[in-house]
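Open the model in your viewer and keep the selection panel at hand. The tour goes through pockets, then aromatic rings, then charges over rings.

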Amino acid sequence: MQVKVVFKTARSVTVEIRDGGIYHTNREYEIYVNDSLYGMTEKVITSIYNLKPASEYTIRIGEVETFVETDPEFITLNVRDFGAKGDGVQNDTAYIQAAIMACPKDSRVLIPEGEYKVTSIFLKDDLRLEIAKGAVLSGITDRTQFPVFPGMIQSYDEKKEYNLGSWEGNPLPMFTGIITGVECRHVVIYGEGTIDGNASADPDNWWYDAKKMRIAWRPRMIFLNRCKDIVVQGITVQNSPSWNVHPYFSERLRFVDMQILNPANSPNTDGLDPESCRDVDIVGVYFSLGDDCIAIKSGKIYMGRKYKVPCQKIVIHQCCMRDGHGSITLGSEMAGGIKDVVVKNCRFLNTDRGLRIKSRRGRGQDAVIDRIHFENILMDEVKTPFVINCFYNCDPDGYSEYVSSKERLPVDERTPEIKELSFMNIEATNCHVAGAYMYGLPEMKIRRVMMDNVHIYFADQAEAGYPAMMEGMDLCCKKGIYADNIKTLVLHDVSVNGQIGETFELNHIDKLEKWM
């Protein structure tokens with residue numbers, strides 16, 4: 001067993017306990033800090049709080065000792081000293097914002113225990129914001145009190161533009177997030193506290209009539225637009241009006257040991273959606289949601305084709321995805337492409353799909369999905385572990401003949417492409433609908449899919465469902481591995497147990513490499 005420090009601040013340390021466990025450690029451990037018992041843990045990614053700045057600590061977990069020195073800190077600004085009450089009644093937005101704007105470099109803004117009613121808090125460079133244990137940033141639900149980001153603002157020379165607001169891959173007006181950053185650098189948001197959007201389906205609340213824009217589109221809990229070097233660690237994000245955490249055209253981001261929670265029936269409440277971002281590390285995050293847990297995106301037609309910024313270099317590890325539609329989803333807003341995604345040592349529990357790729361004609365020739373790798377994944381009660389759908393029927397034209405036709409159509413500037421996908425050391429138990437459903441375009445076949453040491457087991461009392469959202473899809477139950485329109489399919493040590501019918505239904509595969 002090894003213990004590795006994965007992140008630290010002046011007040012906290014996050015470690016990775018490497019004992020072979022996936023999200024959960026193989027046994028419970030005592031944590032000692034300077035020979036005093038701090039607590040117990042059964043999580044691979046574990047955080048330790050209430051430390052002092054610029055101090056040396058010995059952390060002992062099991063028989064392993066790790067030495068760490070916390071970061072320095074100049075001063076702490078307590079938001080209560082600026083007028084915030086945290087009484088759940090007063091609007092504390094302006095007081096918290098004042099503390100943030102007054103905070104010098106290498107210092108901390110502290111939000112102590114209490115319920116702080118807020119609309120949008122805006123970040124600035126070189127900020128350390130601690131939301132302490134028992135502190136709740138409690139979102140106001142009156143939309144008339146929120147600022148609005150316009151979708152696109154034209155420059156004076158009419159040749160350039162400035163994009164602020166976004167909704168499902170398009171530049172559209174949106175309410176600013178509870179936490180909002182625009183072109184911020186070197187920010188850390190951390191602690192044991194909570195950001196609660198207080199969303200519900202009650203009249204005039206955020207989920208009521210959710211498909212209609214009222215003033216602007218619904219806000220995120222955390223929205224990061226063109227930011228760099230941002231870390232969010234420890235906090236709980238819940239009851240979001242829409243997507244919980246939305247990094248947008250941002251770089252070098254880390255999300256560590258968080259909890260992202262929304263009810264199962266909440267609309268468009270994806271957990272964490274990096275869009276046209278690069279160098280994103282998601283580690284030790286727990287998701288339980290009403291939509292996709294993680295959805296990797298790069299814009300619809302306008303943003304993807306004009307800016308051509310793919311989402312790339314994404315690493316997801318030691319996370320637990322529970323409930324929701326997809327554990328890891330790529331698309332469907334992916335007109336700028338998605339490349340170099342690694343998902344390893346994760347648990348997928350009770351989601352509709354494990355891997356979910358959503359593509360379709362019309363996304364364009366820059367909509368390339370390439371070098372996607374899954375390794376060491378445990379799934380349980382995932383209805384369909386693998387879905388690659390090149391006929392996703394979204395948008396007003398989603399049911400058109402052009403999008404839905406299974407016939408070979410001409411390749412042009414509207415045609416997307418899926419290249420290299422690999423899946424290794426994966427076990428999926430208690431599946432229901434299909435083991436895998438992979439359907440490429442006949443005119444642009446999926447280049448290569450490799451499955452190695454993948455074992456799928458169906459539930460005894462499986463329920464029928466639709467493995468993919470596409471026109472002409474039939475209900476399935478205990479369907480094995482279906483693959484259509486793939487250039488090279490590699491199946492090495494792949495088994496399906498409890499299926500009805502054929503284990504493998506393979507159509508239009510140019511090259512099959514199969515070793516059982």
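Helices (H or I, at least four residues) and strands (E, at least two) are DSSP runs, numbered from the N terminus. This is a predicted model, in which local features need pLDDT of at least 70 and side-chain atom pairs count only at pLDDT 80 or more, while totals for chains, interfaces and linings use all residues. Residues are numbered from 1 along each chain as its sequence is written, and side-chain values use heavy atoms, with hydrogens and water left out.

**Pockets**

On a 1 Å grid over the protein atoms alone, a pocket is an open set of points where a 1.4 Å probe fits, with protein on both sides within 12 Å along at least five of seven lines; lining residues have an atom within 4 Å of a point. Grid points are joined across faces, edges and corners, and a volume is the space filled by probe spheres set on the points.

Select Glu168, Lys211, Asn268, Tyr392 and Cys394: of the 27 residues that line the largest pocket, these are the closest to its centre. The volume of this pocket is about 650 Å³. Its lining has 14 charged, eight nonpolar and five polar residues (Ala, Val, Leu, Ile, Met, Phe, Trp, Tyr, Cys and Pro count as nonpolar, Asp, Glu, Lys and Arg as charged, and the others, Gly among them, as polar).

Next, select Asn225, Arg226, Phe249, Tyr307 and Val309, the closest to the centre of the second largest pocket among its 17 lining residues. That pocket holds about 230 Å³. Strand E17 (161–163) and helix H2 (301–307) each supply at least two lining residues, and E17 gives the largest share, three residues. The lining here divides into eight nonpolar, five polar and four charged residues.

**Rings**

Rings of Phe, Tyr and Trp (its six-membered ring) pair if their centres lie within 6.5 Å; planes under 30 degrees apart count as stacked, over 60 as edge-to-face and the rest as tilted. By this rule there are 17 aromatic pairs. Show Tyr248 and Phe249: their ring centres are 4.8 Å apart and their planes at 85 degrees, so the pair is edge-to-face.

**Charges over rings**

A charge sits over a ring if NZ of Lys or CZ of Arg is within 6 Å of the ring centre and within 35 degrees of the ring normal. Select Lys406, whose charged end sits over the ring of Phe391, 4.7 Å from its centre. Finish at Arg60, over the face of Tyr32 at 4.4 Å from the ring centre.
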